[in-house]
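Please prepare a short briefing on the structure below, grouped by topic and with the cut-offs behind each term stated.

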Amino acid sequence: MRALRFHGREDLRLDTIPTDECGPTEVRIKVGYCGICGSDIHEYLGGPILAPQHGEKHPYNGAELPVTMGHEMAGTITEVGKEVKNFSVGQKVAVIPAMDDRHYGLDPCRMCSLGKRNICKRTAYYGLSAPVGGFADEIVVSHHAVLPLPDGMSLKLGALCEPIAVAWHMVRAAGMVEGDNCVVLGAGPIGLALLLVLKSKKARKIIVSEVTASRAEAAKQFGADLVVNPLDSDSTSGDPVVKAAHDLMGEGADISFDASGIQATLNTAIACVRPAGTVFNVAIHEKPLSINLNDLTMTEKKLTGGICYTREDFEGASQLVASNTEEAEKMITSITALDDIVKGGFLELINNKANHVKILIEINKE
Ligand SMILES: [Zn+2]
C-alpha cells in the first residue's frame, strides 16, 4: 500500500509498504480522507518532535522512523479481529488517534483510571508516534480507537471530527457553560473549531482576535460577534481586544482561549477576562513565556490548559459536525490526492497559510 512516511526533517516520502496484519482486537480501515494538522507541519519543518527520535523506539508501541503520518482520518472498516464484537465490515468510522494504556494491553495508570485518558502517562498518537498512520491506503488500529460516524455522515466530514474534538475538549475542560462570554485568540483551524463549539454550546458573545484578513473573514463567517485586529491600536486606547471585551462583556470575558501561543496573545488572554475568569491555553508553545502572577493573584483569575480529547469529546464533536454540516464543510479549503500530498498539501499549507483552514487528503474515493 501507499504510505506517506516521515523519514526526518523535511523528508517525507510516499513509500510502498506491506499492509499490516489485523490482530484479534484490531480493526482494519480503508482510509477515505485524512486532514493535515498544524502538528504535522511542525513535525515536517522541525521534527522529529512527537515522532520517534533517530535510532530510538517508542517504549510501548515500538514505533521507529520512518513513521507513517496522518491522524485526522475517516474511512470504512474492511476487516475486524476475531475478538472484536461491536464493529462490522462496511461501517464508516473515524479514528481516535490518542493511544493510552488499553492500546498496549496494560493496566490503567492513575490518569486513565480517573477517566483522563488524554493525559495517560504512556500516551502516543497514531500518525505521529505509532507504527501506523492515516496518510496510507489502509490502517490497522486497536478497536479502542474506532468511533462509528453518525448515520449518513460523509468520510470528508468524518475527517473533521478530530480537530473539532480538540476544540470540544478545550471548551469542556474550561468549564464553559451556556451564556458565557468568550474571547478566542487566533482564527486558525482550532480557533475556528472553538467558535463552532462555543456557538453550539450557546455562548452569549464571542470576540475573536486575528491579524490575517482572510482568517478574520472566516471568523465572521463562523459566527463571531466581533472580530478584532489586535494590531489596530493607537497608543492611548491600549489593547483593542481587551477594550472590546470590556465594551461588549461588562467586566471582561468569562473565558479566554489562547489558540496562538505567543507572548502578546497570552498577555491579552489574561487581561481580557473578568476577575475570577478562566484563561485557557490551547496552543503548543515553542519557548517559555513570562507572566506576572499578580495578574492572577489579585483578581483570582485561573490559568490552565488542555490537550487532545477523550472518546466523550469525539462523540460530542461528531454530533456537532452531523448537525452543522454546512458550517463544518466551510473548514475544508482544499482537497488533494495522496500522490500530491507534499506539494499540494504540506508545502501549500506552509506557503499559502492564509488561504487555508483545513486541507484534506483524498486517499480512497468513497
Ligand atoms: Zn494511562
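Four donors count as tetrahedral if all angles lie between 85 and 135 degrees, and donors are N, O and S atoms within 2.8 Å of the metal (3.2 Å for Na, K and Ca), with water not among the atoms, so sites may look incomplete. The model is predicted, so local features need pLDDT of at least 70 and side-chain atom pairs count only at pLDDT 80 or more, whereas totals for chains, interfaces and linings use all residues. Residues are numbered from 1 along each chain as its sequence is written, and side-chain values use heavy atoms, with hydrogens and water left out.

**Zinc site**

- Asp-101 (OD), Cys-109 (SG), Cys-112 (SG) and Cys-120 (SG) coordinate the zinc ion at 1.9 to 2.3 Å, and along the chain these donors follow the spacing D-x7-C-x2-C-x7-C.
- The arrangement is tetrahedral because the 4 donor atoms around the zinc ion subtend angles of 101 to 120 degrees.
- Cys-112 is buried, with a relative accessible area of 4%, and Cys-120 is buried at 3%, where buried means under 20% relative accessible area, exposed over 50% and partly exposed in between (1.4 Å probe, protein chains only).

**Aromatic pairs**

- Rings of Phe, Tyr and Trp (its six-membered ring) pair if their centres lie within 6.5 Å, and planes under 30 degrees apart count as stacked, over 60 as edge-to-face and the rest as tilted; by this rule there are 5 aromatic pairs.
- Among them is the edge-to-face pair of Phe-135 and Phe-346, at 6.2 Å centre to centre with 70 degrees between the planes.
- This pair links distant parts of the chain, 211 residues apart, with Phe-135 in the loop between β8 (124-125) and β9 (138-142) and Phe-346 in helix α12 (residues 341-351); helices (H or I, at least four residues) and strands (E, at least two) are DSSP runs, numbered from the N terminus.

**Salt bridges**

- A salt bridge is a side-chain nitrogen of Lys or Arg within 4 Å of a carboxyl oxygen of Asp or Glu, and the count by this rule is 16.
- One of them joins Arg-172 and Asp-313 (2.7 Å, N to O); Arg-172 lies in helix α4 (residues 161-173) and Asp-313 in helix α10, so the pair ties together parts that are 141 residues apart in sequence.
- Within that pair, Arg-172 is partly exposed at 34% relative accessibility, whereas Asp-313 is buried at 0%.

Definitions and conventions: Four donors count as tetrahedral if all angles lie between 85 and 135 degrees; four count as square planar and six as octahedral if opposite donors are over 155 degrees apart and all others between 65 and 115; anything else is irregular.
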